[in-house]
Amino acid sequence: MTRDDRPAPNRADLGKDPDRVSGMFDQVAAKYDVTNTVLSVGNDRLWRVATTRAVTPRPGERILDLAAGTGASSISLARSGAAVVAADFSPGMIAEGRRRHGDVRNLEFVEADATALPFGDAEFDAVTMSFGLRNVKQPKKALAELLRVTKPGGRLVICEFSHPPVAAFRSLYRFYNDRVLPRVARLVSSNTEAYDYLNESIRHWPDQRTLASWIRDVGWTDVAYRDLTFGIVALHRATKPADAAADGSAAHPADEPAGRLDA
């Protein structure tokens, strides 16, 4: 395929139209993981380790990894012996994941919309979503869907970009995103405009406390978070109430404040 024959870059915007977001990720699927490693200066691997430890996957469990992309995070979970479903709404990401990891017996790839998951109630012991909630047009609906498909007493882990609480570091981070990241993306990405959207979506995403309150509001309990890499990323944890109704809603909605984890 010549340069002139290639499809025009698909760029999502803050309207987060599902078709445009999905199409954008289709176009970056082949180089997605290596681009993320370069742009995060290798921190993506550390964030993946922290997320896996927070999920605490165990042999015999069934775990949903939503917005799994090509399955890098799913492979990390599957090494525990748990049965892992890697779900994503980008057909291109799913196809790339199957090409790379289709031979892993306890790993299944499924195309799925985060706001209308194709799973039954209370199917999973744990659910997790890394760097995907920010791209969903209705994030609270996605959080409620994750609650629905989780077993009572099951675990939620959300790893997402956030806002560094220290002003000096926040300014440095903003300089990197505005000035450095676009130049690096031009060198390593197949769709540089997708990373312009990345920058915009991070800037307009709510802070740690706000996301924690969203998680609590849809019915999760024991909600807490901790910052990674000085708050560039926040790792959120929660539990589905043991007395939750069949549809996922809590029989006695939690009213405790969202806490911050020290470790």
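Q: How many aromatic pairs are there?
A: The count is six aromatic pairs. Keep in mind that this is a predicted model.

Q: Take F169 and F230. Stacked, tilted or edge-to-face?
A: Their ring centres are 5.0 Å apart and the planes sit at 45°, so the pair is tilted. Stacked would need planes under 30 degrees apart, and edge-to-face over 60.

Q: Which parts does that pair tie together?
A: F169 is in helix α7, residues 167-188. F230 is in the loop between β6 (221-228) and β7 (233-239). The pair therefore links parts 61 residues apart in sequence.

Q: And F230, buried or exposed?
A: F230 is exposed, at 62% relative accessible area. F169 counts as partly exposed, at 22% relative accessibility.

Q: What about W205 and W214, what is the geometry there?
A: That pair is edge-to-face, because the planes are at 90°. The ring centres lie 5.7 Å apart. W205 is buried at 5% relative accessibility. W214 is buried too, at 17%, since the cut-off for buried is under 20%.

Q: Which residues make up an aromatic cluster?
A: W47, F131 and F161 form one.

Q: Is T51 buried or exposed?
A: Buried, at 7% relative accessibility.

Q: What does T51 touch, leaving out residues up to four places away in sequence?
A: T128, S130, V157, C159 and L235.

Q: Switching to helix α9. How many of its residues are buried?
A: Seven of the ten, so α9 (residues 208-217) is mostly covered. The buried ones are Q208, L211, A212, S213, W214, I215 and R216. W214 is the residue from the edge-to-face pair with W205.

Q: What do those buried residues pack against?
A: They pack against α6 (139-149), β5 (150-161), β6 and β7.

Q: What follows α9?
A: G219 does, and its phi is positive, near 125°.

Q: Which residues other than glycine have a positive phi?
A: V41 is one of them, at about 55°. D222 is another, with phi near 55°.

Q: Where are they placed?
A: V41 is in the loop between α2 (32-39) and α3. D222 is in strand β6.

Q: Buried or exposed?
A: V41 is exposed, at 66% relative accessibility. D222 is exposed as well, with a relative accessible area of 52%.

Q: Last topic, strand β1. How many of its residues are buried?
A: Four of its five, across residues 62-66. The strand is mostly covered.

Q: How does β1 pair with β2, parallel or antiparallel?
A: Parallel, over five bridges, with β2 covering residues 83-88. D65 has A86 in β2 as its bridge partner.

Q: What does the chain cross through on the way from β1 to β2?
A: Helix α4, residues 72-78. This β-α-β crossover is right-handed.

Q: And how many bridges join β1 to β4?
A: Four, and those two strands run parallel. β4 spans residues 124-130. I63 stands opposite A126 there.

Terms used
Residues numbered from 1 in each chain as written. Predicted model: local features only at pLDDT ≥ 70, side-chain atom pairs only at ≥ 80, totals over all residues. Heavy atoms only, no water. Phe/Tyr/Trp six-rings, centres within 6.5 Å; stacked < 30°, edge-to-face > 60°. Buried < 20%, exposed > 50% of the residue type's maximum accessible area, 1.4 Å probe, protein only. Contact = heavy atoms within 4.5 Å. Pairing = 2+ DSSP bridges. Right-handed = clockwise from strand over helix to strand, strands pointing away.
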